[in-house]
Amino acid sequence: MHPVLKWFYQWAVPHFVYPRIQTGLPWVALLASSLLVIGLVWGLVFAPADYQQGDAFRIIYVHVPAAWLSMLVYMAMTMMAISVLVWRIQVAELALIASAPIGAAFTLMALFTGAIWGKPMWGAWWVWDARLTSELILLFIYLGIFALYHAIEDKRQAAKAASLMTLVGVVNIPIIHYSVIWWNTLHQPPSLSKLDTPSIHPDMLWPLLITLLAFKLMYLWMLMLRLRTELLLRYPQSAWVQAIVQAMVQAQIQPTKDKSKDNAR
Amino acid sequence: MRFVRLVQQQLSLAYANKLDWLTPLLFFALVIILFPLALGGSPQTLAAVAPGLLWVAALLATLLSLDSMFRGDHDDGTLELWAASQASLLRYTYAKLVSHWLLYALPLVVLSPLLGYGLHLPVSALPVLVLSLVLGSLSLVWIGAVGVAITSGIKYNSFLLALLVLPFYMPILIFGASAVDVAAQGWSALGPLYLLAALAVLSVTLAPLAVAKALKLSLN
């Protein structure tokens, strides 16, 4: 087999995935946090103020990436759900379950920052607009998937049920995306969908693109953290997990031994 | 077993056990009766909120009726025999859904104009109410069945079922209630009715695939 193909297939094997997460994690964490700091400082401090909305528009640097990620995480979960139901990949089951709370958190963040933005701009924390309502539905779908997984005791069966639920829920994603175009709503149409001529000035656009990338990496970071835990919890009997736990226990014992020596002295 | 025979069998079972399918109907009527008592009998107030009330009550009554859909067949092993046999689980699903709609949704539809009249809805809006409920209840039952099938292996699943199914009911509720509302104000309700019809076609054709898959998963 071609080495690249082999490397790719190994992502379906738990004991190959775990060490890869371990090596990748610091890099992803470093990149995500530095991009987040650069993007947020640039956006919140140095980007020019909007001629209509003043400084209030700056919440865009949190709101838009969060809203974008709320849908992107769902699309990622859809891919994982297909991998679960078609190829029965166990790592995908764990990644799907690890993603659901992250997606719910991004959705909640988008709704919350949207409310903060809506109060000065529209005069209300909340309006029953198509975009807002469909985003709220997305939050409940995330929570439903999570609750379903935890309600079923056999975790493999639970993951399959959650995958099926994810596939059913994907109908909501195009509704969210096109709601501002289909219905004449209060929520403004997308600023970034027209890639050739974005309806936003480059000085404001660049920090937004950086925070978008930073939020994507943040999802990857959190997914790695959660997936790592899920892997350890799912295969407690396997040799590789036992070895890792042994090493962890050793590392815990070692410092306390030294301390007791110090005390004796 | 032929499709018609399956439906007949379900209907004769229901004939033997009338309380089972009459309860959601009574629930629907009682919930509607609560509102004039709570809001006072003013015709203007009632007529203004009637479309939403009727739709929410019909939606909740349908949700309550869903729970029993596969329960019996799951517990006594009928479902396992169906899954193991040569016959398609899809045909069983369709028969179950059609008979469920005939038993639980159709009575609501039939009763709704009477309750609408009681809430002082204009008589001209009553046909739209009936039509919107016919189209909407198809989606409600077919989409709800996916949730029932997914949760069929779980004990005490009624809250989980509501959590899973209600988000998907929201678009149906929006278009259904707005159709009646628009008709009550004397405008043409064709727009929301077309959307309801589109949702009904989508759910009637696609949902059974997910139901059959979920039933298979729950049997494991």
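Helices here are DSSP runs of H or I with at least four residues, strands are runs of E with at least two, and both are numbered from the N terminus. Walk along chain A from its N terminus and the elements read α-α-α-α-α-α-α-α-α.

A quick word on what you're looking at. This is a predicted model, where local features need pLDDT of at least 70 and side-chain atom pairs count only at pLDDT 80 or more, while totals for chains, interfaces and linings use all residues. Residues are numbered from 1 along each chain as its sequence is written, chains are lettered from A and ligands numbered from 1 in the order in which they are written, and side-chain values use heavy atoms, with hydrogens and water left out.

Let's stay with chain A for a moment. Its C-alpha trace spans about 65 × 50 × 40 Å along the principal axes. Chain A has 265 residues, and 46% of them count as buried; buried means under 20% relative accessible area, exposed means over 50%, and partly exposed is in between (1.4 Å probe, protein chains only). Now take contacts, meaning heavy atoms within 4.5 Å. Among those in chain A between residues at least 6 apart in sequence, 74% join residues at least 24 apart.

Charges come next. Lys and Arg count as positive, Asp and Glu as negative, and His and the chain ends are not counted. Each charge is placed at NZ of Lys, CZ of Arg, CG of Asp or CD of Glu. On that basis chain A carries 18 positive and 12 negative charges, and their mean positions lie 10 Å apart.

So where does chain B come in? It meets chain A through 17 of its own residues, which are in contact with 21 residues of chain A. The size of an interface is often given as the accessible area lost when the parts come together. Buried area is just that: the accessible area (1.4 Å probe) that two parts lose on being put together, summed over both. For chain B and chain A it comes to about 1,700 Å², 85% of it on carbon and sulfur atoms. On the chain B side, B:Ile150, B:Phe168 and B:Leu217 lose the most area to chain A, together 32% of what that side buries.

How many salt bridges are there between chain B and chain A? The count is 0, where a salt bridge is a side-chain nitrogen of Lys or Arg within 4 Å of a carboxyl oxygen of Asp or Glu. Over all chains, the count comes to 4 salt bridges.

One of them pairs A:Arg156 with A:Glu93, their closest N and O atoms being 2.8 Å apart. A:Arg156 sits in helix α6 (residues 155-169) of chain A and A:Glu93 in helix α4 of chain A, so the pair ties together parts that are 63 residues apart in sequence. A:Glu93 is buried, at a relative accessible area of 1%, whereas A:Arg156 is partly exposed at 30%.

Chain B has pairs of its own. B:Lys96 forms a salt bridge with B:Asp73, with 3.3 Å between the closest N and O atoms. This pair links distant parts of the chain, since B:Lys96 is in helix α6 of chain B and B:Asp73 in helix α4 (residues 71-75) of chain B, 23 residues apart. Both B:Lys96 and B:Asp73 are buried. B:Lys96 is also touched by B:Gln10, which reaches B:Ser99 and B:Leu103 too, not counting residues up to four places away in sequence. B:Gln10 belongs to helix α1 (residues 3-16) of chain B.

Finally, have a look at the backbone. Most residues other than glycine have a negative phi, and most peptide bonds are trans. A:Arg88 has a positive phi of about 55 degrees although it is not a glycine. You'll find A:Arg88 in the loop between α3 (60-87) and α4 (90-122) of chain A. In chain B, B:His120 also has a positive phi, near 65 degrees, and is placed in the loop between α6 (89-118) and α7 (126-150).
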